[in-house]
Amino acid sequence: MNGAPQRALLLWCPDWPVLAAEIVDGVPATDPVAVLHANRVVACSERARAEGIRRGLRRREAQGRCPGLTVVDHDPARDARAFEPVVAAVEEVVAGVEVIRPGACATAARGPSRYLGGEEAAAERIVEHVAQSCGVESQVGVADGVFAAGLAARQGRIVPPGGTREFLADLPVEALGRPALADLLRRLGVRTLGDFAALPAGDVLARFGFDGALAHRLAAGRDDRPPAVRQPPADLTVTADHDEPIERVDAAAFAARTLAERLHERLAAYGLACTRLGIEAVTAHGQELHRVWRHDGLLTAAAVADRVRWQLDGWLSGSNGRGGARATRPTAGIVRLRLVPDGVLAQAGLQAGLWGETGAERERAHRALSRVQGILGPEAVVTAVLGGGRSPADQVRLVPWGDERTPGRPGSPPLPDLPPPPGSVPAVPLAPVAGSASVVVPAGGGARRRAGRGRAAPEPPWPGRIPPPAPAVVLPAPLPADVRDAAGEPVVVSARLAVSAAPARLTVGDGRAAEITGWAGPWPVDERWWAPAEARRRARFQVCLADGAALLLAVEGGQWLVEAIYD
């Protein structure tokens, strides 16, 4: 493959989720209609846009702007099933059609432009044929590469050869379709695709990773498939034969999931990932069906399974198009299903895990933990969530695996390093902590906290919270301790937080006494003083021992306790 991008022709159907809802469910697309996913608008009709509805709005805000709004749940399977007649109509005019997503399909522009009299004539012919066959309005864009052709289709433009970079330069970074990356770029002052394309490719790869490097190629107007794309060896194809013909969509979905996992494991064994997937099916009467799906990234096992399920649903249901056109439905059930990785990439830029391929171990762990929950109950597997609180133990909340990971209390950003209170001896500096912390619960039951990057948004403060660094291990139950001064007398903290003497020796439980080489504190906490029965008053200290250990101590009612251990 040479470095010059190939001319691509892309057909785009505006507001396709709305049209699919009309084709399948009979929802009038001429009314104000909004398609919602995760309580946010992902598509809306033209009349809804006239009422102020926009993508990203929450359901309540959208209904407030348009009280007569018809709300439809997002259903990718429905969109793909309704789009199958459109793809079939395009294939009647041109060959080699690739489905980008429901509502958009692409093909190479070279062939149609030659035998239809040019790119403009080919675009008009395809749009007219789709309108006559399916009753669907569409727009066609032609440019260097599929990504640029998709943006050109939204404007109904044919970008001249070599002019793709200039066409993309003034578009906002949101056109990349990567919200997280676009938000980060805007915060860095990069607002247009031209600004992003001007950055050095090596720096983009180092800062944003493999997906950022692909997005950088798109912004520069180059083909979204790097030169590493190659035809995979034949043994990567996976095939499943079925004795009983598959005629139901649910049975097809199960077969698709199993076959997709096999394909993903086989590709992972070669260090490859799929970018273009061929789906082939053979019916009991010998009829052969074939469709190609294209993706602007790396197809995961779940993404492969979804696309196979959508395609089989479109074949087996044979749904009507908007104009009455019906996709060719197989005359018998499917007896053979084959997945062909038509385009693959080396998984360069993906960090390998400590125990195997990244992603596979995560999915395996998820299946194992879900299986344990099914046997022992949801509370048998829990994860820790960091939140607000004054003590390290209060800041950790255990939630069942799979539940929403929301903190039990509002958090707060790490406090700045504070000088020790008057009269105390500065502690030996501990390991620095930069930014916020994440929480992992080890098998022993304590909570291990590791420093993470980035600072959280400002939250309500927690007076009395100890300053950073945070302890590494929080004990599930505090250990009793004894703290004495150099003369061997117990160290006492008065009601006015006056320390009787500098701590010199520490004894934990029945262990041997250890010398204290540095300390800081006290940090007082006076909780629920308005309810005498629930009132609690404590003071915390950080101490360093001669053997290098660092502990978090608390004194309450004259009793010393060890609450946590520092790394």
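## A walk through the chain

The protein chain carries 14 helices and 21 strands. Keep in mind as you look around that this is a predicted model.

Start with the whole chain on screen. Of its 567 residues, 44% count as buried. Show the surface next: the chain exposes about 28,700 Å², and carbon and sulfur atoms supply 53% of that area. Now turn to contacts with a separation of 6 or more; residues 24 or more positions apart account for 56% of them.

**First stop: helix H4.** Select residues 76-91 and pick out Asp79, which sits in this helix. Is Asp79 buried or exposed? Its relative accessible area is 3%, so Asp79 is buried, the cut-off being under 20%. To see what surrounds Asp79, display Trp16, Pro17, Ala20, His74 and Pro102: these are its contacts once neighbours within four places in sequence are set aside.

**Second stop: strand E18.** Select residues 514-527. Here 10 of the 14 residues are buried, so strand E18 is largely enclosed by the rest of the structure.

E17 and E18 run antiparallel and are joined by two bridges. Zoom in on Arg505, and you will find Glu515 of E18 opposite. Then follow the hairpin between these strands, where five residues lie between E17 and E18; Gly509 takes a positive phi near 60 degrees there.

**Last stop: strand E19.** Select residues 536-545. How many bridges join E18 to E19? There are nine, and these two strands run antiparallel. To finish, highlight Trp523 together with its bridge partner in E19, Arg540.

Notes:
Residues are numbered from 1 along each chain as its sequence is written. This is a predicted model: local features need pLDDT of at least 70, side-chain atom pairs count only at pLDDT 80 or more; totals for chains, interfaces and linings use all residues. Side-chain values use heavy atoms; hydrogens and water are left out. Helices (H or I, at least four residues) and strands (E, at least two) are DSSP runs, numbered from the N terminus. Buried means under 20% relative accessible area, exposed over 50%, partly exposed in between (1.4 Å probe, protein chains only). Contact means heavy atoms within 4.5 Å. Accessible areas come from the Shrake-Rupley method with a 1.4 Å probe; for residues, only the protein chains shown count as cover. Two strands pair if DSSP finds at least two bridges between them.
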